[in-house]
Amino acid sequence: EFMCHSIEDASRLPNFEAAEGTNPGDVNDPVVAATLAKVIDRIQVELGVIEKMGFTSYFLIVGDFIRHGRSNGITCIARGSAAGSLVTYLLEISNVDPLRYGLLFERFLNPERVNPPDIDIDIPDDRRPFLIEYVREKYGRDCVAQIITFGTMGSKSVIRDVGRVMGLSYGEADRLAKMVPTELKITLKNALRKSPDLKAAYDNEEVTRELIDTAFVLEDITRNSSVHAAGVVIGAEPLVNILPLKKDEDGAITTQYPMGPVEDLGLLKMDFLGLKTLTVIRNTCEMVKQWRDIDVDVDRVPTDDAKAYDLLNNGHTVGVFQLESAGMRDLCRKFKLGTIEHITALVALYRPGPMDNIPSFIRRKHGQEPIDYLHDSLEGILKETYGIMIYQEQVMQIAQTLSGYTLGGADLLRRAMGKKIQSEMDAQREDFVDGALKRGATAALSGRIFDQVAKFAGY
């Protein structure tokens, strides 16, 4: 049954060239049989990797509590790289067919580098406790715990805290804290370099200098502990035998180790993400049923509804997850969406790095700019996105097609680019260019493609 469902989805792929009148469920049809063989091969490869890496229990446990949630009317959705696994789809962990959207298993689990699977499970925020309680009951209360997280003293908070201890009024400390530029993970040292006002206050105000010098010592140390927003750990034996534990304010067991050490110990870490958006969607569906007597199945909402695209293209997306910012509404108006692939492309583009390509992406879509695939062999990979790299899967496929990487090796390339470690980047550049040269690309072109891939993959 699952196989036939995958074949039906596969029949919509551009490379599924079924003859007119072909029935996707007819396994005697040669085209269907060939595609079925590919599906079976992929399942066997995935199952082999999962078993070899020792993660069978992980998949079964995740599948179990997701099915329990759905059987109790709770919408549970797996997202992220886990959607690239056909096994997660067949276990009903994910509701996205990776064959339909060309998603890669190697981005999720890499047989060339053993790293634990990470399935992010979105749950309506008001039903998250219900699922955690189910896991506690099923696997034993002494075997399940939420994971601690530590809050540290960032550059702004340490200024406010030190100011308070020194006897400064809130307004005085807040004045200095607001001089720190609003940048992610900015340090006091960089703040003094980038903020002329803070530097002037440090140089000319004795109290400010004493405050900042004290803050230098305290910056980044642990300030408080709390419970991780998503992390839950499950052990094969009582967790007290494995790691230190504590009770939170409600009396529930919590680890004293944060996420990293918990994973280093080989413990099974689950991500139960409470998402308000799912609660809003559920409540909306209930209101539609109450007032219009219409049953809405969110898993089967059509993706080709013209009126829905009219709303998007007119910028009426306030309250729509990831499409409601002023920038995204403006982008929808300019681009003129017409398919679900257009939506996924814009969501992926609207972030640092790829965002630079938005004007070109719009022009190419409207035929106002020629499409450049960089190399003839990359047209099949980049055609859907008008020659512009948007997805991590494209990065991996480019490395595979142009330079002969395995998909596992291509995932390592992607990770190395994300870390931006120069020595790793230099080694990868040499391998990438050498592989491309063997396949007919010039050194200049392959170097240029590597630079574009590196710029994209860094985000």
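**Entry 1: helix H21.** I began at Gly-440, which follows H21 and has a positive phi, near 95°. Helices here are DSSP runs of H or I of at least four residues, strands are E runs of at least two, and both are numbered from the N terminus. The model is predicted: local features need pLDDT of at least 70, side-chain atom pairs count only at pLDDT 80 or more, and totals for chains, interfaces and linings use all residues. Residues are numbered from 1 along each chain as its sequence is written, and side-chain values use heavy atoms, without hydrogens and water.

I then looked up the span of H21 (residues 422–438): its 17 residues reach 24 Å from first C-alpha to last, close to the 24 Å expected at 1.5 Å a residue. The expected span is 1.5 Å times one less than the number of residues.

I listed the buried residues of H21 as Met-425, Gln-428, Phe-432, Val-433, Gly-435 and Ala-436. They lie on the same side of H21, because they cover an arc of only 160° around the axis, taken from the directions from the helix axis to the C-beta atoms. On the face turned away from this buried side I noted the exposed residues Ser-423, Glu-430 and Lys-438. Buried means under 20% relative accessible area, exposed over 50%, and partly exposed in between (1.4 Å probe, protein chains only).

**Entry 2: Val-301.** I placed Val-301 in the loop between helix H13 (276–292) and helix H14 (306–313). Val-301 counts as partly exposed because its relative accessibility is 46%.

**Entry 3: whole chain.** I recorded 22 helices and seven strands. Of the 459 residues in the chain, 44% are buried. The C-alpha trace spans about 80 × 60 × 50 Å along its principal axes.
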